[in-house]
2 protein chains.
Amino acid sequence: MIGRLNHVAIAVSDIDAATAVYRDTLGAEVSAKEEQPDHGVCTVFINLPNTKIELLEPLGDNSPIAKFLEKNASGGIHHVCYEVDDIIAARDKLLADGARVLGDGEPKIGAHGKPVLFLHPKDFLGTLTELEEA
Amino acid sequence: MIGRLNHVAIAVSDIDAATAVYRDTLGAEVSAKEEQPDHGVCTVFINLPNTKIELLEPLGDNSPIAKFLEKNASGGIHHVCYEVDDIIAARDKLLADGARVLGDGEPKIGAHGKPVLFLHPKDFLGTLTELEEA
């Protein structure tokens, strides 16, 4: 069912400093910073030859990554995202298998403009897992 | 400097149960389980079209992932691994930039038979970061 690893998301408290680590120290290609007020984050993408790292900094009140950064002051890996062909079929298969989908179970439009769902970390090896319809 | 994302490693306490989650629930292709006594882990690879997920279960006494699992009982993302062309050149560049390399700074032969180094999480966004000479 799952296809490509779309991205690995790393939450950080200072996205400019984090971008400099990837651009200058690790020598990677980085995108421009983008504010995503609908998602409560500011994003920078690290473009690797086969996938992306998504840097996330909290934006505004009630950012979905604020609590994670309270617990992980230096930052840390926040989630992984896998691509699926059909997100409704994927969701229904997961629910039938007893896995928990976060929120109301309906796909939302994610930061890349595609339908996404998040799966409960306790059902997926302690790993917050996003599915994105590719 | 960094190239492809070689793998994302997820530490788990029960690798058979974890493999079943990826094989049966997420429908991914999984490798056979392999004991790696030199590295203190048992591994299963999840083969995605563009990269791999590496499942790690502690093996023997003094496994390098034992403490992580004490803190993260459900499992969790342990590290990311990027490919580099020349691991000595990469190490020397990182040291010159003030980044910390774990251990004695000399590459070891990793679980894939290639030279690897681990970088200090505090210098890399709270993320344990492995470099592997591809």
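Colleague: Which residue just after α1(B) takes a positive phi?

Modeller: That's Gly27(B), with a phi of about 65°. Keep in mind that we're looking at a predicted model. Just after α3(B) there's Gly98(B), whose positive phi is about 90°.

Colleague: What makes Asp14(B) a cap for the N-terminal end of α1(B)?

Modeller: One of its side-chain oxygens lies 3.1 Å from the backbone nitrogen of Asp16(B). A polar contact needs an N or O pair within 3.5 Å, so 3.1 Å qualifies. On α3(B), Asp86(B) does the capping, with a side-chain oxygen 3.1 Å from the backbone nitrogen of Ile88(B).

Colleague: Which residues of α3(B) are buried, and why do we say they're on the same side?

Modeller: Ile87(B), Ala90(B), Arg91(B) and Leu94(B) are buried, meaning under 20% relative accessible area. They cover an arc of only 100° around the axis, so they sit on the same side of α3(B). As a rule, residues three or four places apart in an α-helix point the same way, because there are 3.6 residues a turn.

Colleague: What covers those buried residues of α3(B)?

Modeller: The cover includes α1 of chain A, along with β6, β8 and β9 of chain B. The buried residues of α1(B), among them Ile15(B) and Tyr22(B), pack against elements that include β6 and α3 of chain A.

Key: Residues are numbered from 1 along each chain as its sequence is written. Chains are lettered from A and ligands numbered from 1 in the order in which they are written. This is a predicted model: local features need pLDDT of at least 70, side-chain atom pairs count only at pLDDT 80 or more; totals for chains, interfaces and linings use all residues. Side-chain values use heavy atoms; hydrogens and water are left out. Buried means under 20% relative accessible area, exposed over 50%, partly exposed in between (1.4 Å probe, protein chains only). Helices (H or I, at least four residues) and strands (E, at least two) are DSSP runs, numbered from the N terminus. Contact means heavy atoms within 4.5 Å. A polar contact is a pair of N or O atoms within 3.5 Å; within protein, one must be able to donate a hydrogen and the other to accept it, and residues adjacent in sequence count only if both atoms are side-chain atoms. The arc is that of the directions from the helix axis to the C-beta atoms.
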